[in-house]
Amino acid sequence: MLIRKLFKFENAHIVRNCTSDRCRRSIHGHSYQVELILSANRLDHGQMVYDFGLLKGVIKDLIDSFDHAICFWSKDDAGYIEACKTYSARWISLPVSPSAEQFSRVFFFLADQVLQQTTTQNGEGDVQVHSVIVHETATGYAQCFREDIENVQMGLLSLHEIEFSKQVQQEWANPQMYEQLKQGISFLNPEVTPQVIL
């Protein structure tokens, strides 16, 4: 079974090396919509794949990090990167280009890492990220599947190569969340007392 959670944010970037002259030479922004699609072969004690409320924690904070931020490719010109860091309190450095395609990979990767490090306590089954769709415009989106994360040609993703500005980190519910993720420390979902005994 599949479930879908929708997230929205505003973000600015330059997509270097792309065909469109406007996109590769000028900072511009988009109103993004991110569809996180999870799958499982069994339901939890609440008869859900995964409680939507649980997606309002670490995963929401990570995706919300991109809101009103500027994203740049860590391989871009040093002067441009320095300007982004100097003139924007909210910035994110990525090891890949901030295209819709790579955003879909980044969000899949981050959500997958969080789920792998989460200890569930309500009978959840084999919950995993099925795919991620990133709508960059009303007419265009990119969709990522697990094999795209493992595709070396598309670029290697690493938690240690995604960097969030101090301002972004300070706005998280838990400012140490990303360090916890990088160190492999488990996240603990709330314990649930059943109201209906199964």
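**Briefing on a predicted protein chain**

Ile63 touches Phe7, Phe9, Val34 and Phe107, leaving out residues up to four places away in sequence. The structure is a predicted model, and the secondary structure of its protein chain consists of seven helices and nine strands. The radius of gyration is 18 Å, close to the 16 Å that the globule rule gives for 198 residues, so the chain is as compact as a globular protein of that length.

**Overall dimensions and surface**

- Taken along the principal axes, the box filled by the C-alpha atoms of the protein chain is roughly 60 × 35 × 30 Å.
- Of the 198 residues in the protein chain, 47% are buried.
- Among contacts between residues at least 6 apart in sequence, 69% join residues that are at least 24 apart.

**The sheet**

- Seven strands form an open sheet with mixed pairing, in the order β7-β6-β2-β1-β3-β4-β8.
- The edges of this sheet are β7 (141-145) and β8 (163-164); each has a single partner strand, so one side of each is left without a neighbour in the sheet.
- In general, strands of a sheet pair through backbone hydrogen bonds, either parallel or antiparallel.
- Strand β3 (residues 69-73) pairs with β4 in the parallel sense, over four bridges.
- Within this pairing, Ile70 stands opposite Trp91 of β4, and Cys71 has Ile92 of β4 as its bridge partner.
- Strand β4 (residues 91-94) is covered on both faces: Trp91 and Ser93 are buried on one side, and Ile92 and Leu94 are buried on the other.

**Ile63 in helix α2**

- Ile63 belongs to helix α2, which spans residues 58-64.
- The relative accessibility of Ile63 is 7%, under the 20% limit, and therefore Ile63 counts as buried.
- Phe7, one of the residues that Ile63 touches, is 56 residues away along the chain, yet the C-alpha atoms of the two are separated by 7.5 Å.

**Asn122 in a loop**

- Asn122 lies in the loop between β5 (118-119) and β6 (128-135).
- With a relative accessibility of 14%, Asn122 counts as buried.
- When neighbours within four places in sequence are left aside, Asn122 is in contact with Asp44, His45, Gly46 and Val192.

**Val129 in strand β6**

- Val129 is located in strand β6, the strand that stands between β7 and β2 in the sheet order.
- Val129 counts as buried, at a relative accessibility of 2%.
- Its contacts, apart from neighbours within four places in sequence, are Leu36, Ile37, Leu38, Phe108, Ala111, Asp112, Leu115 and Arg146.
- The C-alpha atoms of Val129 and Ile149 are separated by 11 Å, and the two residues are 20 apart along the chain.

Key
Residues numbered from 1 in each chain as written. Predicted model: local features only at pLDDT ≥ 70, side-chain atom pairs only at ≥ 80, totals over all residues. Heavy atoms only, no water. Helix = DSSP H or I, 4+ residues; strand = E, 2+ residues; numbered from the N terminus. Rg over C-alpha atoms; globule rule 2.2 N^0.38 Å. Buried < 20%, exposed > 50% of the residue type's maximum accessible area, 1.4 Å probe, protein only. Contact = heavy atoms within 4.5 Å. Pairing = 2+ DSSP bridges.
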